[in-house]
Amino acid sequence: MAAGVAAWLPFARAAAIGWMPVATAPMPVPPQEKRRGKDGLIVLNVSGTKFQTWRDTLERYPDTLLGSTERDFFFHEDSNEYFFDRDPDIFRHILNFYRTGKLHYPRQECISAYDEELSFFGIIPEIIGDCCYEEYKDRRRENQERIQDDEEADPGNELVSADLSFRESMWRAFENPHTSTMALVFYYVTGFFIAVSVLANVAETVPCGSVPNRAKEMSCGERYALAFFCLDTACVMIFTVEYLLRLLAAPSRYRFVKSVMSIIDVVAIMPYYIGLVMTDNEDVSGAFVTLRVFRVFRIFKFSRHSAGLRILGYTLKSCASELGFLLFSLTMAIIIFATVMFYAEKGSSASKFTSIPAAFWYTIVTMTTLGYGDMVPKTIMGKIFGSICSLSGVLVIALPVPVIVSNFSRIYHQSQRAEKRRAQKKTRLARIRAVKSGGAKAYLQYKRSRLLIGPDQEASKEAGQALVCKTNPNFEVHHHHLLHCLEKTTNHEFLDEKTFETSLREVTLVKQVSRSSSISSASSPHGFTSCCSRRKRKTFNVPNSNMSVGLQGSIQELSTIQIRERPLTNSRSSRSSLNAKFEETVPLNCEQPYITAAVISMPTPPGTTPEGDDSASSTDYSQANIVRVSAL
Amino acid sequence: MLTMNLEGLEMIAVLVVVVLFVKVLEQFGLLEAGYDDSVEDELELSAVRHRPEGLEQLEAQTRFSRKELQILYRGFKNECPSGVVNEETFKDIYSQFFPQGDASTYAHFLFNAFDTDHNGSVSFEDFVMGLSILLRGTVQEKLNWAFNLYDINKDGYITKEEMLDIMKAIYDMMGKCTYPVLKEETPRQHVEVFFQKMDKNKDGVVTIDEFIDCCQNDENIMRSMHLFENVL
């Protein structure tokens, strides 16, 4: 959490008075107010450059060098200041971190020097603010590649895809072929068929050798009409299926239908269907032949397979204004020169410049320096104007082209950066989630430590806290007390995500078991089979509190069965969280107050048990848990 | 058949020419493609800067000492360099203390409670006055403040709907990962309990006198009022 808001913690705590009249339970005791140290200025002398700041500012981050007692090692009695023999330019950024809560990375500094300073002052680089994080990561990676280290930054775990519906997963498969092998296969198959279709289109117009009863040569399309027709049918089948699947899977069908790619798809397969409908009608078959031209649009379907094509298309779209200007200036020039050429050549006999529109053709061919030679001026005036026309053509066309090129290069680099950012987004999301869950875990840790000590042992609280966790900064303690007050106000407790999900799974399982069978069944296998047989019964309301104890027993039973079958997956998934938590010295004892003191309230949710230790001990523990509960 | 072919292709050629013509017209600026240069964005309301009253005045109006006011102002100005908090920033700051849930609704009510002159922003004076009541005020004043917070439309009565809104806002702050699992009717039940306790004459609303009377008779509430006294 940004410690800039640490200054607002008193406000948040004061605002908590708003909950007090609503709360039904008594509030927890606030933590002891530590005796406030002298609120004074501290002078930091870094290689001659003096920095000054408040003591409180530095103490916002007690796990860094400047915020903890570690800085006393650098205290210089003679000048009554803290002296550091480090780089003052980089130190500026480090001090700004204390002030604003955001760590920035200066682009002109060397990445390894910066890293060294960060590690000296005990600041982890992961808290670099989002504005500078990409740059930092880029430079770091470059650096590592340069020193030939094989530390490929792995972009975190895959996003949890457990709760994607079939439709959403299909859409994802279409958009990113690399997500699954099925998607990749589909991608390559469609690409292959696009190529085949385009080649067939091209090949069927090639002359294929003459047949005796025909005067001129037949094209391959007419000779092997049936083969080409079958090929075309197959391709169109595939394209139709693909289009329908995409339409089905699209999250917003209306938007999909409007998109360019879908229009291209439709235009690519329409001629075939229209042809099927209209083969017998002689009059319209001419138009049908024209429609075949549209089959060439199938080549545009390749743009899904090629990022470069998409970039080109996007460039052209974004350069629309430059292209428009080019077109406009060309049109102006064409009209001017065509008019001049027409009137210049009017006099000569048998001139091809029959009208101004006819002269357009000459002007375009000349301005683009093509010069086919089918229309040539014969008069002297015509030749003079013709040469002026070709010279100006070169100029007019050459001007907007560099603009388009620079646009293309800018967009290309942008897309490259977007790719990089997308790859880093996963890391960033994982980071944010880790911080969030870390905060929740720290709070639960705090609560267990408080419960362990008990509310009436204030004196030994300091010792207890030191025992269970590292020195809690003052801010954290107060923040946890605030969250505890909120819990007491609402009579609900905070859980972290994993625990919540496992407990949710158990609750849904309970809903499928009927009441009587669960209470009567003592041993686990029997209970489990009865639960399976009665799975069809959907109508089952959650029991009231009287039955809750017995049902909790069944939950425990089911959960042990569950735990035995699932411990591997559960622990594997929560492995990262296990590593993130620090050692719980007394987990078992912590749970005890919940169980023994609570006859009416619910016993410990079974979800927490697999999290505490590794799988083996958890099953033993949950067995022990069962014994206690059923004894009640 | 040849003529038919030509006609079809000619149509395409005509279409192309028409499209080009439209583009040329666009170049003329006759068919603007909707380029709205929002000039207003340039003139951002950067004129909102606020300087608080002098230290002596604030010292006289609140129950904080000079040093405490200094500390408070430094923290305030750090988060809001312009000197005033608007509702968005307020919600942002408050939400950082409750990462698991959604604190924005409750922050909205809090904002209204602090913004005593209802001008849409909380200045340092509003902030400090509010804190002065909450941290250094008498129990009567604190209860008054709490009543003011619950009374959303400031008409002097707390109705069940208002209380339900507040209750839902508080429960929203818990988030969804709670134990026991938050149900839909939990806030409503809590409101019923609250009204049973507070509404003495059972007329469906809680007045300020009923509220203060009832709170003063409740030991838990009285004790919790003194909880945050040494916060600063």
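## A buried glutamate and the interface around it

Setting aside neighbours within four places in sequence, A:Glu487 is in contact with A:Tyr443, A:Lys447, A:His492, A:Glu493, A:Phe494 and B:Met174; contact here means heavy atoms within 4.5 Å. A word on the model: it is predicted, so local features need pLDDT of at least 70 and side-chain atom pairs count only at pLDDT 80 or more, while totals for chains, interfaces and linings use all residues. Residues are numbered from 1 along each chain as its sequence is written, chains are lettered from A and ligands numbered from 1 in the order in which they are written, and side-chain values use heavy atoms, with hydrogens and water left out.

A:Glu487 belongs to helix H19 of chain A, residues 474-490. Helices (H or I, at least four residues) and strands (E, at least two) are DSSP runs, numbered from the N terminus. With 4% relative accessibility, A:Glu487 counts as buried; the cut-offs are under 20% relative accessible area for buried, over 50% for exposed and partly exposed in between, using a 1.4 Å probe and protein chains only. Its side chain reaches the backbone nitrogen of A:Phe494 at 2.7 Å.

Now to the interface itself. Chain A brings 67 residues to the contact and chain B brings 69 residues. About 5,900 Å² is buried between the two chains, and carbon and sulfur atoms give 72% of that area; buried area is the accessible area (1.4 Å probe) that two parts lose on being put together, summed over both.

Strand S5 of chain A and strand S4 of chain B (residues 178-179) pair in the antiparallel sense over two bridges, where pairing requires at least two DSSP bridges between the strands. A:Glu493, one of the contacts of A:Glu487, has B:Tyr179 as its bridge partner in S4(B).

Elsewhere in chain A, five of the six residues of strand S1 (residues 41-46) are buried. Its two pairings look like this:

| Strand pair | Sense | Bridges | A bridged residue pair |
|---|---|---|---|
| S1(A) and S4(A), residues 81-84 | parallel | three bridges | A:Val46 with A:Phe84 |

The hairpin of S1(A) and S2(A) has two residues between the strands, and there A:Ser47 takes a positive phi near 50°.

Conventions:
A polar contact is a pair of N or O atoms within 3.5 Å; within protein, one must be able to donate a hydrogen and the other to accept it, and residues adjacent in sequence count only if both atoms are side-chain atoms.
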